[in-house]
Amino acid sequence: MSKKPLILGIESSCDETAASIITENNQGNPMVLSNVISSQVDVHKEFGGVVPELAARSHLEKIDWIVKKAIDDSGIKIDEIDAVASTAGPGLVVCLSVGLSFGKAFATSLDKPFIAVNHLEGHALSPKLNLELNYPYLLLLISGGHSQYLSVKNLNKYKRLGTTIDDAIGEAFDKTAKLLGVEFPGGPQIEILAKKGDPNKYSLPKPIFNKGGCNLSFAGLKTAILKITKKIKTDQEKFDLAASFQKTIIEILYKKTKMAFKEFENQIKPEEKKFVVAGGVAANKEIRKMLINLCEEEGYKSIFPPIELCGDNAAMIAMVGLEKFKLKQFDNLDYPAKPRWPLDEDAAFLKGAGVKL
Ligand code: KG4
Ligand code: ZN
């Protein structure tokens, strides 16, 4: 029997330092042997957001022992590793550079191939770590930096159907949390506060709800919340605002996802309709519930990574590394860190002031 590939994945694009070893089982399905994540929440808490310089320093301090722990936890020997895959973008260059340089040096010292991975492709492929998932599928990627609908036709073959024209959904959650006085990172806290609130208490705007295809916009929502927070006094009002905010996000996603289904079907004509939801915000249980129901209504199979693989991790980076390794798609050691690296390179840049839809 031929040796199963053993891939080391490294992630350092933002505020998580992570390393993972994955392989394949006898059926050819991916298997996670170790998955080590060290979050920097405590480093950035007092600043209310990620401070790039501090994040990079923290990655530098931790990367060696995180990789060592991933190898130790997996039970393999260092020289059994077949390839090293590091996130090369998108993200903060000072942060990316740590994992990227470490990965290149590690691969060189083992005389094994190096693979540069797009962090977003890691999220896109993350459900494959737990279940068999063949191309094509529709992807909703909802994280702190991105909110996009994409047709995933194959490895490295994406067609963007819609994107946010301003804030990402995770960003909207985090900003709302900050306005409500919740500590960074606030997204998961909003979900907890919302449980105690009345979702119908506040009526919030739904920017570009009836135009712009399945593009998204959340900046107007944040402005409306800012106005309301100036008037609220009690905890109950805070809970109500968190619940109303989450409900508004869910209504926007319901409508835009329905539109994305239609576009996906027109474009791909898939034999089996599959909808993958990935990225940090995919951990939100109310959003999951709504999307699962919508999939049932529309004849889609709904696919979510397990909660622990929704946020940033290195197993998803190793997953992309594994697919590229099998196709012998290796990268050179001069591969740069890319702050911007869209999955669909042909899609128009739609962010910033002046975007008209
Ligand atoms: O994918 P991720 O870990 O990092 C990026 O690549 O951005 O996503 C982090 C984002 C943050 O904005 C965080 O607040 C949000 O995901 N998030 C949530 C939840 N858990 C994480 N937002 C809403 N509800 C949650 N349960
Ligand atoms: Zn991410």
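Which of the 19 residues around ligand 1 come nearest? In this predicted model, they are Gly144, Asp174, Glu191, Gly280 and Asp312. A backbone N or O atom of Gly144 lies 2.8 Å from an oxygen atom of ligand 1. On its own, ligand 1 would expose 550 Å². The protein buries 84% of that area.

Three helices stand out in the shell around ligand 1. Each of α4 (119–125), α5 (169–179) and α6 (187–194) gives two or more residues to it. By class, the shell holds five nonpolar, 11 polar and three charged residues.

Which helix gives the most to the lining of the second largest pocket? That is α10, residues 315–326, with four residues. The lining of this pocket divides into seven nonpolar, four polar and five charged residues.

Rolling a probe the size of a water molecule over the atoms shows where empty space is left. The structure holds one cavity of 30 Å³ or more. About 30 Å³ of space lies in this largest cavity. Its lining consists of Gln148, Leu150, Arg160, Pro342, Leu343, Asp344 and Ala347. Four of these lining residues are nonpolar, one is polar and two are charged.

The backbone has several local features. Which residue does a cis peptide bond join to Gly89? The partner is Pro90, and omega of this bond is near -15°. Pro90 sits in the loop between strand β4 (83–89) and helix α3 (93–110). A cis peptide bond also joins Tyr135 to Pro136, with omega about -5°. Pro136 belongs to the loop between α4 and β6 (137–142). Asp111 shows a feature of another kind. Its phi is near 60°, a positive value in a residue other than glycine. Asp111 is placed in the loop between α3 and β5 (114–118).

Terms used
Residues numbered from 1 in each chain as written. Chains lettered and ligands numbered in written order. Predicted model: local features only at pLDDT ≥ 70, side-chain atom pairs only at ≥ 80, totals over all residues. Heavy atoms only, no water. Near = heavy atom within 4 Å. Polar contact = N/O pair within 3.5 Å; in protein donor to acceptor, adjacent residues only side chain to side chain. Areas by Shrake-Rupley, 256 points an atom, 1.4 Å probe, with all protein chains shown as cover. Nonpolar A, V, L, I, M, F, W, Y, C, P; charged D, E, K, R; others polar. 1 Å grid on protein atoms, 1.4 Å probe; cavity = no way out; pocket = protein on both sides within 12 Å on 5 of 7 lines; lining within 4 Å. Points joined across faces, edges and corners; volume = space filled by probe spheres on them.
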